[in-house]
Amino acid sequence: MAGEKTGPTAVVPFRQFVLKVHSRCNLACTYCYIYAGPDRSWRARPPTVPAATMRQTALRIAEHARTHRLREVRIDLHGGEPLLTGPGPLLAQAAAVRAALPAGCTAEFGVQTNGTLLTRDMIDTLGAAGFRLGLSLDGGTPGLNRRRIDHAGRPSWPAVSRAVRLLHDRPEVFAGILCTIDITAGPAEVYDSLRALDPPMVDFLLPHANWTSPPPAPLGPAGRTPYGDWLCTVFDQWWDGGPGPRVRVFTEILGLLLGRPSSSEAVGLSPVVALVVDTDGAIEQVDSLKSTYEGAAATGLDVFHHTFDDALAHPGMAARRSGRDGLGAQCRGCALVEVCGGGNYAHRYRADAGGFTNPSVYCADLERLIRHIAARLDATVALN
């Protein structure tokens with residue numbers, strides 16, 4: 001088993017830029033770590049990104065691409081709910097980035113949306129501009145999406161189900177589905193319902209939790225691995241079930257077991273290559289850190305006064321790209337470290353001991369899943 005080994009002094013440029021175009025959301029999902037979590041910085045930020053901030057961000061991306069001779073970058077437009085702006089600002093942001101990029105560097109654009117505002121015209125407009133659209137869903141039925149409600153408590157499913165049908169007809173635009181695991185929902189039901197929607201990709205996300213704010217379901221050590229068991233059940237369905245969507249967490253773990261580097265912060269030791277620019281121009285670390293404590297994602301930098309190379313030098317960014325050296329002793333000595341990588345950085349936090357140098361709060365679950373996938377892979381190889 002092997003992963004990418006990166007020491008604390010390695011300089012790896014950013015290649016993914018998450019740009020906030022709207023800092024509010026039209027849903028009030030009961031598990032949202034942004035609007036129901038400990039970090040309330042969104043309250044003081046402009047609801048929509050000003051045009052001047054948009055242009056300056058584009059110049060900073062181009063500057064970073066030029067400095068590091070990047071051939072391609074990924075731009076993800078997020079919120080809140082990014083489609084609250086309508087398509088115009090999204091197209092303007094893409095045009096600003098494309099106009100600023102140096103010759104020989106291309107940009108791939110994506111939008112992550114709750115889907116409630118999608119229309120056929122919007123999909124056509126964004127698709128023609130080269131955007132790919134990802135949906136956030138908890139499953140493919142009304143009941144499975146009961147936690148995804150608007151501010152009046154009304155279900156989002158009727159609007160989202162329409163969006164799924166529209167995107168199904170535009171496979172070149174449909175990027176896939178992000179699904180936060182609800183441990184109370186049956187894994188078979190969730191996977192089958194999502195598979196029936198025929199997305200190109202599904203990414204199952206562990207709920208953002210840590211040792212100070214534990215996950216919804218109680219965890220080990222007494223042999224309890226509810227999230228690992230849940231994911232193992234889904235893996236077996238996916239592995240044995242014939243053609244279906246790519247499931248990112250599974251393909252990442254399989255790749256790591258076969259010696260490939262990771263491309264996800266959920267597993268593996270590959271360095272972080274993403275940063276966030278909020279609607280006020282603040283340069284931040286990934287949003288998942290906002291699930292730990294107020295200000296955890298902040299860097300004190302902004303696009304008007306600082307370069308993205310300044311962000312590379314920030315201690316928080318450096319810690320998250322230091323590979324094995326950034327892990328605690330328990331993780332460094334673990335046989336699975338090259339594959340697990342300590343899990344998601346935010347899931348390691350403990351306020352009263354060690355900060356982010358602890359194992360993941362999902363440590364036992366990750367071990368359960370990785371060993372299960374390794375065993376299935378070994379059995380398949382042995383048969384062939």
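Biologist: At what angle do the axes of helix α5 (residues 187-196) and helix α6 (residues 226-240), which come within 9 Å, cross?

Modeller: The model is predicted: local features need pLDDT of at least 70, side-chain atom pairs count only at pLDDT 80 or more, and totals for chains, interfaces and linings use all residues. Numbering starts from 1 along each chain as its sequence is written, and side-chain values use heavy atoms, without hydrogens or water. Axes are lines fitted to C-alpha atoms, for helices over the stretch in contact, with angles from 0 to 180 degrees between N-to-C directions; helices (H or I, at least four residues) and strands (E, at least two) are DSSP runs, numbered from the N terminus. On that basis the axes of α5 and α6 cross at roughly 45 degrees.

Biologist: Which residues of α6 make the contact with α5?

Modeller: Contact means heavy atoms within 4.5 Å. From α5 come P187, A188, V190, Y191 and D192. Their partners in α6 are W230, T233, V234, Q237 and W238.

Biologist: How many residues of α7 (residues 248-257) are buried?

Modeller: Buried means under 20% relative accessible area, exposed over 50%, and partly exposed in between (1.4 Å probe, protein chains only). Among the elements covering the buried residues of α7 are β6 (201-205), α11 and α12. Helix α7 is mostly covered, and its buried count is 8 of 10.

Biologist: Is α7 roughly parallel or roughly perpendicular to α12?

Modeller: The axes of α7 and α12 are 10 Å apart, at an angle of about 65 degrees. Angles under 35 degrees count as roughly parallel, over 145 as roughly antiparallel, 65 to 115 as roughly perpendicular and the rest as oblique. The angle therefore makes α7, relative to α12, roughly perpendicular.

Biologist: How many nonpolar residues does the contact of α7 with α12 have?

Modeller: F250, I253, L254 and L257 of α7 meet L369, I370, I373, A374 and L377 of α12. Ala, Val, Leu, Ile, Met, Phe, Trp, Tyr, Cys and Pro count as nonpolar, Asp, Glu, Lys and Arg as charged, and the others, Gly among them, as polar. The contact has no polar and no charged residues, and its nonpolar count is 9.
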